[in-house]
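Here is a short briefing on one structure.

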Amino acid sequence: VSAAMTEKPWKRYTGGEAKGFVDEMRLVAMKLHTRQQAQEGEMEAKAPEEQRVEEWEPTFDGYLKFLVDIKVVYDTLEQIIEKPSFPSYGEFRNTGLERSEKLAKDLKWFEEKGYGVPEASSPGVAYAKYLKQLSEKDPQAFICHFYNIYFANTAGGRIIAKKVAEKILDSRELEFYKWDGELSQLLQNVRDKLNKVAENWSREDKNRCLGETEISFKFYREIVRLMLS
Ligand code: HEM
């Protein structure tokens, strides 16, 4: 095995049998939730956004800020996948999980209703910048963010959406939380692709990927916190 091959394990994909790296990513992510956020959570809630969603006091303006910033993150992610710096990213084109266009529709609706849609703020801009840089140098670490950002939105994101919509959006269902096709199937397809891409990662690659989860949480939490501002 040449040095180049060890450096670029994503090029070694052979379609083999190994399974289950998504389970590892999920386990690490679940532990990083607070007990209040998810049953499998192990962290203590300190900040307001770490409390039970039922206890949140979201504001309308804050929620708009959240949507604007999370859109910056999805825009960036989806641009990275469209013009991949590494071939493995190409697997994740057109998964049906893309959120950029959906968010554009939501923001357009708010605009048409006469609500002032704010400029993107530092939490979204900072995360987008981090993702862009990371995607160019460390595919394993980048894939961790890809997983967490898309999957968080379909899990906790939908819980948040429901509770927040009840409180401040007159229960309006945003496009952000609608998928074309059966969501469970879309998620399973992406899990399969993630498992496939990770098959030939070394243990070191995998650990570096898993280690990124905490950073993903930190950035994402800052954006979620906007809802409560
Ligand atoms: C899963 C809640 C934030 C990443 C879950 C689940 C819940 C939840 C209840 C379990 C869903 C299930 O087992 O079906 C929340 C709440 C949050 C939050 C209330 C409040 C802010 C985050 C953040 C991230 C994240 C910041 C990472 C950026 C994930 C991932 C899963 C998950 C990757 C696994 C999804 C899957 O297997 O389908 N979350 N979460 N969550 N969450 Fe969160």
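The points below are grouped by topic.

This is a predicted model. The ligand is surrounded by 19 residues. The largest nonpolar core holds 47 residues.

**Ligand shell**
- The closest residues to the ligand are Ala38, Ala152, Ala155, Gly156 and Tyr220.
- Four helices each supply at least two residues of the shell: H2 (21–31), H6 (139–154), H7 (156–168) and H10 (213–225).
- Helix H10 gives the most to the shell, with five residues.
- By class, the shell residues divide into 11 nonpolar, five polar and three charged.

- In soluble globular proteins, nonpolar side chains tend to be buried together.
- Within the largest nonpolar core, the residues that touch the most other members are Phe66, Leu67, Val73, Ile143, Phe146, Tyr147 and Ile223.
- Two or more residues of this core come from each of H2, H3 (60–82), H5 (122–137), H6, H7, H8 (183–198) and H10.
- Helix H3 gives the most to this core, with 11 residues.
- Leu67 is in contact with Leu103, Asp106, Leu107 and Phe176, leaving aside its neighbours within four places in sequence.

**Helix H7**
- H7 has 13 residues and reaches 18 Å from its first C-alpha to its last.
- That span is close to the 18 Å expected at 1.5 Å a residue.
- Asp170 follows H7 and has a positive phi, near 55 degrees.

Conventions: Residues are numbered from 1 along each chain as its sequence is written. This is a predicted model: local features need pLDDT of at least 70, side-chain atom pairs count only at pLDDT 80 or more; totals for chains, interfaces and linings use all residues. A residue is near a molecule or strand if its C-beta atom, placed from the backbone, lies within 6 Å of it. Ala, Val, Leu, Ile, Met, Phe, Trp, Tyr, Cys and Pro count as nonpolar, Asp, Glu, Lys and Arg as charged, and the others, Gly among them, as polar. A nonpolar core is a set of buried Ala, Val, Leu, Ile, Met, Phe, Trp, Tyr and Cys residues joined through C-beta atoms within 7 Å. A residue is buried if 20 or more other C-beta atoms lie within 10 Å of its own, exposed if 12 or fewer, and partly exposed in between; C-beta atoms are placed from the backbone. Two residues are in contact if their C-beta atoms, placed from the backbone, lie within 7 Å. The expected span of a helix is 1.5 Å times one less than its number of residues.
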